[in-house]
Each structure stands twice: as structure tokens, then as C-alpha cells.
Amino acid sequence: MKNRKAVHLVLKTVHRLCPSFLPLLVLMKLSGAAIPYVNIVGSSIIIDALLQKKQFDEIFQYALWMIGLNFILNMLCWGLDKLINVRKYLLAEQIQKMISEKGLTLDYEILEKKETLEGIHKAREGMNSIGDITVFCDRLANMIGVVADMIYAAVLFVPVFFAVGDARVSTFFGFIQSHFGSLALNLILAGQLILLGWSQRRMGALQKGEFDINVDANRHFFYYMSFLMDTSNYGKGKDVRMYDLADTIIGRFKQDIGSMWNVFRETRRRVEKYSFLNECGSAVYTIASYIYVGVKAGLGLISIGSVARYVGAFTKFSAALGSVVRTYMEISICAQYLAYFEEFMGIENQKYNGTLPIEKRDDNEYEFEFRDVSFSYPNSSEPVLKHITMKLKVGKKMSLVGPNGAGKSTFIKLLCRLYDPTEGEILLNGVDIRYYDYNEYIRLFSVVFQDFKLFSFSIAENVAVSKEFDEKNVRECLEKAGFSERLGKLDKDIHTSLYKLEEDGVEISGGEAQKIAIARALYKDSPLVILDEPTSALDPVSEYEIYQSFDKLVGDKTAIYISHRMSSCRFCNQILVFDGGQIVQQGSHEELIRDEDGLYYEMWNAQAQYYA
């Protein structure tokens, strides 16, 4: 049932993405299957004509017909193959795009789950091995082709069964030319079919087991391969050289290769046993059909020309029979891999997407409220946040401080609705944020996460997150973020490409990247600007410049800091002190510093020498 669902999804997807792909593929297989039979029939007719000493013109005409049909069918297959290859490439690209788009549009909470990440990997790896959709379609068309092959062969050899003599059945030749001979040949054929079905099922299970065993090894293999192949990755390259990691990486790479090779070798050894049995069964049937046809020809029941036709038809039928069983099993195996694709594409977002519009306010009078909010990450029962209750009014400056793992970043993820609370609720102007239209809601936030990413686009496109942008605004945001000095040294100004994906791309430092990320947050012009460790990659001078100009940077917007540097707190109206997933203190700097027993006082004094 599971595999049938996957096949149904694939066929539906292929028809939607490229309606002509499967029909063209089937037509090519049917045409290709007919070519050998043109030669078999043509050769047998020409042999009989030669033995009957017919006129040369008549024999030559048979030859021309055979050559002409061969030419037409081969040219048809050649043309269809060219059309199919273009569509196959486009279809494969579309399928990879579907997997990528699915990953990009999944709820962040779902995407972070281990099962989802494994599902993405299995879907991609299944596609890259035997489970590619174009391969599946090709095998489906192959099945139609080999069934047609069997039908063509049967049409040719069935008449030989009716060529029955009147010799005594007690003799060997009498048995062969009787109906009992036909029955014996068909029983041998049935035995070959049973043997093929059993062995192909066993080989399919072995190959599927090999894939499942190697899923993790493959993931490790390609991870270490990225170190070995991507020699231009400066970030990794520095650590590899400074800590002499080359031998360790190569060692682990070899270990994964060795693991996969052992599984592959054992699987191949067992598969070859079944392949040998298949070959033996096929050989027995071929020999039996040759004896059957040969005896009937020797007794004069069929013509010499017919021998070529019948032997060729029996041989083709035997090969086609094996192909039918093999192709059926390959389709079944392929469907198992495609089930990973079907499972991944079937993952549904669980986040409730409300319909309420966000109230447009010129005064930016928004108020957020956490009411007894607790949260645990997926696959974990340990709460990261515990019973958080607080209010935030837009227009204020807030700082979140506390030890690592205290829940500060998680608090922001809940506020931005990357996750929904496990318990409690978050309100905006008195309404649960889940009831607001999600796309409108996230427009309220401009965030620079600690692990922010820039892309191999131009600087302007990174700031605007779009190909269309306001150049003046881009420059202003970069200037506010402190990037002007480096920008002035770039030949292409804001149109300079970042990183080395483009030939003229430039590398930038971590601090410069962070300034561009801050400019991106400013360009979005949202009421709330959130900076998660905003100055962690900046030198002290740049840090001071960012803090000093911060009021000017955000204007009347709300600014929320997550920081380990307590100096950021001086700029804030409200400070939340997190510890163990709870807010243990809140207030202004002046209020909190007076509590000498509090965590804030302890943290401030630990860093006070740097602020004097």
C-alpha cells in the first residue's frame, strides 16, 4: 500500500511537471522492442526464399523492406531519445527543486526535528541512487517494452506448437514433436519464471538492506568529502591547517569508505549467487527450445527458414521473460526508495496560520505579552523556558542577559513564532499571536541571529533580500551599520558579489558580515529590531561605535539585545535576566545594580573593568 501510494504520487507528479515524458518514453520502448523482430522475420523469409530458389529481384525486395523498416524504427528511436533526454534533465531538476522548496517552506519547528532531517537525506539519497524518478519512469516504460517484446515473440513462435507429427510418443523424437513436448517446454519455462521471481525478490531485499545500512555512512562520507573537494573553503581550511586535521579527516573518510565497501562486497557476493541461478535457468530453457525446434526441423515439420524465426523468437522470449521479472522487481525496489520521497513530500506543516490582519499603526503602539509560557524543544522533555510572564511595549529598548543556555535565544524564537509555546500563550495587543496571519506577523520583526547567514549575492541583494532594491536606502543602512569604509574600497560598490561563487566575488571578515546583517535588519524597517549577540564578531572600537549610534540606528523602533557584554544594558529601558529557563530579575540597569545579591550585579562586576 505504501509503495502504491508512492508510485501514484510519482506518476501524478511526472504528469504535472512534464506530461509528454512518459508517453514519449513508452513509444520509444515499443519501437525499440520491434527492431529485433524485423530482423528475425526478415532473415527467415530471405532464407526460405533462397532455399526455394526464388528470383533475385524478389529476394532483394525482401532485404530492402527489412533494411527500410530497420532504418525507420532506429531513426524514430534516435529522435525520441533526444526529446526524452531533454525532458529527463528538466524533470530531474524540477524534482530536486520540489525537495528544496519543501524543505524551505516547512515549519522551522518541524525542519529542526531529527526525523525531518533524516527524511530530507533519505529523499535526496534515494533519488541519487536507484530511486530517481526518471529512473523509475524509465523502468516503468521498460516493463511495457519487455511485455511488448514477449507478445512479439509469442506471435512468432506459437505456430511451432501446432506443427505436430504422428510418430510414436514412446520415442524421444516422437515425444518432442507431440503436444507433450510442447507441455514439457512450457513447464521448463514456468520453472524459469518461478526461479527468476524468487531470486529477484531476494536480490531486491539485499539491495534495499544495503541502502538502509549505508544511509548514515553516506551522510558522513559526503560531509568529509566536502573537506577534501572544497579546497577553497577558507573557514574550514584555516582550522584544518592550524590543528593538523588532514590525517584525521582522511582517516575518517577512509573509515566510511571501508564500511560502505564491506557492505557492498558482502551484498554483491550474495547477489551473484542468485544471478548465477538465473543464468542456469535461462541456459536450460534456451537449450530445451533449441532441441525442440531443431528436432521439428529435422523431421520436416517446419521449414529451415522457420528455424531461425522460432529459435530467435524463443531466445527473445526467454530474455524478455527474465527482463519482465527483473524489471518488476526493480520497479518494486525503486518504489520503496520513492516511498522516502513520498513520505517527505507528505509532511504537513502543523503551525496554525491565522487569518487576522496585523493592525497598521502609525504610532507603532504594539504590546507583546508572555503569559505563563513554557517551552521544550522537539525530541526533548526538558523545558528550556519555564513559566515566563512579562510584557514588552514597542518603542522601548530591552536587553536579555544571562549565562549560556539560560533560554535567551529561545525566548526570541518564540516571540518571532519560529516555535509555538509548549504551554501558555503569547499575545499581541491582547490577541494570541497564532490567530494573526503568519506572513503579516513576521513582518513586524527584523532579526540578526547569532548564526545569521549571508548569501553569494551582491551586497545590495543581501541587504534588501531581493533583486529589486532602493540603492539610496541600501547605502544608508550600510552606513548606519558601519560598513561605509569597506564599501568605499570595492570597485563595484553595493553591486559587489560576496564570496567566491561568482568569479569577481570578494571575501569579507566576520565583523564585516555582521555589519551587513545589521544593515539587512535596518533595511526591512520593521517596528522591532532584534540583535542576537550583535557585536560578537566586532572589535571593541566597532562595538563602541555600534552602541553609541544605536539610538539613531533604530529611531523609535523597539530594540531587543541578546548579549553577553553587559555594556549593552546601559542603552536599555528594561533588562531581563535569564537563568535556568526563567526570568530571575527584570528592571533598569540602575535598579538591578543596586541588588548586590542578584545575578545581574555579579555579571556586571565580572565585566566592569572593560567598561571603565
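**Overall make-up.** I started with the element count: the protein chain has 21 helices and ten strands. Helices here are DSSP runs of H or I with at least four residues, strands are E runs of at least two, and numbering goes from the N terminus. The model is a predicted one, where local features need pLDDT of at least 70 and side-chain atom pairs count only at pLDDT 80 or more, while totals for chains, interfaces and linings use all residues. Residues are numbered from 1 along each chain as its sequence is written, and side-chain values use heavy atoms, with hydrogens and water left out.

I looked up burial next: 45% of the 612 residues in the protein chain are buried. My cut-offs are under 20% relative accessible area for buried, over 50% for exposed, and partly exposed in between, with a 1.4 Å probe and protein chains only. Then contacts, meaning heavy atoms within 4.5 Å. Of those in the protein chain between residues at least 6 apart in sequence, 75% join residues at least 24 apart.

**Four-stranded sheet.** I went through the pairing here, where two strands pair if DSSP finds at least two bridges between them. Strands of a sheet pair through backbone hydrogen bonds, in either a parallel or an antiparallel sense. This sheet is open, has four strands in the order β2-β1-β4-β5, and its pairing is antiparallel. At the edges I find β2 (383-393) and β5 (431-432), each pairing on one side only.

β1 (367-376) got a closer look. Seven bridges join β1 to β2, and the two run antiparallel; F370 sits opposite M390 in β2. The hairpin of β1 and β2 has six residues between the strands, and N379 there takes a positive phi near 65 degrees. On to β4: β1 pairs with β4 in the antiparallel sense over five bridges, and R371 has E425 in β4 as its bridge partner. β4 (residues 423-428) in turn pairs with β5, antiparallel, over two bridges, and L428 stands opposite V431 in β5.

How many residues of β1 are buried? Seven of its ten are, and β1 is mostly covered. Helix α12 (residues 408-415) lies across β1, β2 and β4, and runs at about 120 degrees to β1. For such angles, axes are lines fitted to C-alpha atoms, for helices over the stretch in contact, and values run from 0 to 180 degrees between N-to-C directions.

Most residues other than glycine have a negative phi. I noted D372, with a positive phi near 50 degrees. D372 belongs to strand β1 and is partly exposed, at 38% relative accessible area. I also noted D525, whose phi is positive and near 55 degrees. D525 is in the loop between α17 and β7 (528-532), and at 53% relative accessibility D525 counts as exposed.

**Six-stranded sheet.** The other sheet I checked is open too, with six strands in the order β6-β7-β8-β3-β9-β10 and mixed pairing. Its edge strands are β6 (445-448) and β10 (582-587), each pairing on one side only. The twist averages 15 degrees from one strand to the next.

α17 lies across β6 and β7, running at about 180 degrees to β6. Helix α21 (residues 599-607) touches β3 (397-401), β9 (574-579) and β10, and its direction makes about 95 degrees with that of β9.

**α15 against α17.** Last stop was a helix pair. The axes of α15 (residues 471-480) and α17 (residues 510-524) come within 8 Å and cross at roughly 130 degrees. The two are therefore oblique to each other, given that under 35 degrees counts as roughly parallel, over 145 as roughly antiparallel, 65 to 115 as roughly perpendicular and the rest as oblique.

Which residues meet here? From α15 they are N473, V474, C477, L478 and K480, and from α17 they are I516, A519, L522 and Y523. I sorted the residues of this contact into seven nonpolar, one polar and one charged. For that sorting, Ala, Val, Leu, Ile, Met, Phe, Trp, Tyr, Cys and Pro are nonpolar, Asp, Glu, Lys and Arg are charged, and the others, Gly among them, are polar.
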